[in-house]
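Please report on the structure below.

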Amino acid sequence: MKKLIYLFAVTMLFAACSKENDGIEIPDTPETNSTSYNGTLLADSFATAAVIDITPVANTSTVDIVLNDVKFAPNMPIVLDITLKGIPYTKSDSVFSFSANNVAPYINTGTEPVATYTFDKVQGKIVGESLNLSAKMAENLAPYIAGMEFQFNGTEVTK
């Protein structure tokens, strides 16, 4: 009987430790909800309204970023959904920062990254309800997009 009580006590101790770490509550499941930001995307000198989605990936320290309905120029005949997957992030106090180099995006519903649109650098931060993102295309791409720079400033879309 003593062994059964001891086993029960050890089990309860492990169960209690799995929910907290030095007094800090650990959630049962990681946050994976997508947050949308509405704002202005500046592509070189062309500005357009845009919505960007940021989604933390479960069990990693990365986010997926989706730039919805993007145009590179006013006369561009189509819009693209550009997804940047696996961007590492850090979170401290009230600042959520992310950054990556050499990111090949997924275009629209494609299942493979498209190297011809590689971003040399992607970085940004979320402070409160504001998202600031900057990205620069790689220099060795087609002349019409090589080195193109993007800036986005937006606020969280309330539901």
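Thr62 is in strand E5. Helices (H or I, at least four residues) and strands (E, at least two) are DSSP runs, numbered from the N terminus. Thr62 counts as buried because its relative accessibility is 17%. Buried means under 20% relative accessible area, exposed over 50%, and partly exposed in between, with a 1.4 Å probe and protein chains only.

Beyond its neighbours within four places in sequence, Thr62 is in contact with Thr55, Pro56, Val57, Gly86, Ile87, Pro88 and Tyr89. Contact means heavy atoms within 4.5 Å.

## Basis of the model

This is a predicted model: local features need pLDDT of at least 70, side-chain atom pairs count only at pLDDT 80 or more, and totals for chains, interfaces and linings use all residues. Residues are numbered from 1 along each chain as its sequence is written, and side-chain values use heavy atoms, with hydrogens and water left out.

## Nonpolar core

The largest nonpolar core has 35 residues. A nonpolar core is a set of buried Ala, Val, Leu, Ile, Met, Phe, Trp, Tyr and Cys residues joined through side-chain atoms within 4.5 Å. Ile54, Ile65, Phe72 and Phe150 have the most contacts inside this core. Two or more residues each come from strands E3 (35-43), E4 (46-56), E5 (62-70), E6 (80-92), E7 (95-103), E9 (119-127), E10 (130-137) and E11 (149-156).

Take Ile54. With neighbours within four places in sequence set aside, Ile54 is in contact with Asn33, Ser34, Thr35, Tyr37, Val63, Asp64, Ile65, Phe96, Phe98, Ile126 and Leu131.

## Aromatic rings

The whole structure holds two aromatic pairs. Rings of Phe, Tyr and Trp (its six-membered ring) pair if their centres lie within 6.5 Å; planes under 30 degrees apart count as stacked, over 60 as edge-to-face and the rest as tilted. Tyr89 and Phe96 are stacked, because their ring centres are 4.5 Å apart and their planes lie at 20 degrees. Phe96 is buried, at a relative accessible area of 13%. Phe119 and Phe150 are tilted, because their centres are 5.9 Å apart and their planes lie at 50 degrees. Phe119 lies in strand E9 and Phe150 in strand E11, so this pair ties together parts 31 residues apart in sequence. Both Phe119 and Phe150 are buried.

A charge also meets a ring. The charged end of Lys85 sits over the ring of Tyr106, 4.2 Å from its centre. The criterion is NZ of Lys or CZ of Arg within 6 Å of the ring centre and within 35 degrees of the ring normal.

## Strand pairing

Two strands pair if DSSP finds at least two bridges between them. E3 and E11 run antiparallel, joined by seven bridges. Leu41 stands opposite Phe152 in E11. E10 and E11 also pair in the antiparallel sense, over seven bridges. Asn132 has Asn153 in E11 as its bridge partner.

E7 and E9 run antiparallel, joined by eight bridges. Ser99 stands opposite Gln123 in E9. Four bridges pair E6 with E7 in the antiparallel sense. Ser92 has Val95 in E7 as its bridge partner. The hairpin of E6 and E7 has two residues between the strands, and Asp93 there takes a positive phi near 50 degrees.

Thr48 is found in strand E4. Thr48 counts as partly exposed because its relative accessibility is 22%. Residues up to four places away in sequence aside, Thr48 touches Gly39, Thr40 and Leu41. Thr48 and Asp69 are 21 residues apart in sequence and 9.9 Å apart in space, C-alpha to C-alpha.

Asp69 is found in strand E5. Its phi is near 55 degrees, a positive value in a residue other than glycine. Asn102 lies in strand E7. The phi of Asn102 is near 50 degrees, also positive in a residue other than glycine. Asn102 counts as exposed because its relative accessibility is 57%.
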